[in-house]
Amino acid sequence: MKVFVFAALVAVVAAGGYHQPQHGYKQEKSYMDSSYSAPHYSAPAPHYKENKPAYHQPEYKSADYYDKKSYDVPSPYHFAWEVKDDYTYNDYAHQESSDGKGYVSGSYKTLLPDGRTQIVTYKADDYSGYVADVKYEGYAKYPEYTPSGSYHKTPSYPEYNKAPAVKYEKPYAAAKY
């Protein structure tokens, strides 16, 4: 019986015989209606000026314009500088010279933290490369070690009261009865 009732309901709905009851108002347009269209908005007009640079475009010259030999050929030079500041113990110096044909020689000195002065004299060329001679002037001085005031010869763990010593006495001979 249940199957028969269900089949009858399906047939009525499929035939279009079932209508929704009216509630006193009528919908003007259905959202399913094809004549309904969404609102259309156009893009706003731009409110800015076109960005143009305030300077003129630079002019680039060809590579033939520049003198190539002024950069390709090494030129002879010589420089030297030195810093000696007794307050901060800075004592540095460097000097170098070149003959303009690829041969460079020079030296530099540095005050080391142990009180010595390191002097490096070097030569460099295309054939032998960089060759350095290192020398030291003076003697190394190290401060004498003194322990800080927080050092104690006592152990850091607390001392506990020792238990009294146990005295062992000879046991008495048992009485004979």
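The legends below accompany close-up views of a predicted model.

**View 1. Overall arrangement of helices and strands in the predicted protein.** The secondary structure comes to two helices and five strands, and along the sequence these elements follow the pattern α-α-β-β-β-β-β. Buried residues make up 7% of the 177 residues, and, of the contacts with a separation of 6 or more, 13% are between residues 24 or more positions apart.

**View 2. The open five-stranded sheet.** The strands are arranged in the order β1-β2-β3-β4-β5, with antiparallel pairing. The edges are formed by β1 (77–85) and β5 (129–137), each of which pairs on one side only. On average, and with direction ignored, neighbouring strands of this sheet are turned by 10° against each other.

**View 3. The pairing of β3 with β4.** Strand β3 (residues 104–111) and strand β4 (residues 117–125) run antiparallel and are joined by eight bridges. Within this pairing, Y108 stands opposite V120 in β4.

View 4. E96 belongs to strand β2, which spans residues 90–98, and is buried yet has no salt bridge. The nearest side chain of opposite charge, that of K123, is 14 Å away, whereas a salt bridge requires the side-chain nitrogen to be within 4 Å of a carboxyl oxygen. The side chain of E96 is instead joined to that of Y77 by a polar contact of 2.6 Å. When neighbours within four places in sequence are left aside, E96 is in contact with Y77, H78 and F79, with V104, S105 and G106, and with Y122.

Definitions and conventions:
Residues are numbered from 1 along each chain as its sequence is written. This is a predicted model: local features need pLDDT of at least 70, side-chain atom pairs count only at pLDDT 80 or more; totals for chains, interfaces and linings use all residues. Side-chain values use heavy atoms; hydrogens and water are left out. Helices (H or I, at least four residues) and strands (E, at least two) are DSSP runs, numbered from the N terminus. Buried means under 20% relative accessible area, exposed over 50%, partly exposed in between (1.4 Å probe, protein chains only). Lys and Arg count as positive and Asp and Glu as negative; His and the chain ends are not counted. A polar contact is a pair of N or O atoms within 3.5 Å; within protein, one must be able to donate a hydrogen and the other to accept it, and residues adjacent in sequence count only if both atoms are side-chain atoms. Contact means heavy atoms within 4.5 Å. Two strands pair if DSSP finds at least two bridges between them. Axes are lines fitted to C-alpha atoms, for helices over the stretch in contact, and angles run from 0 to 180 degrees between N-to-C directions.
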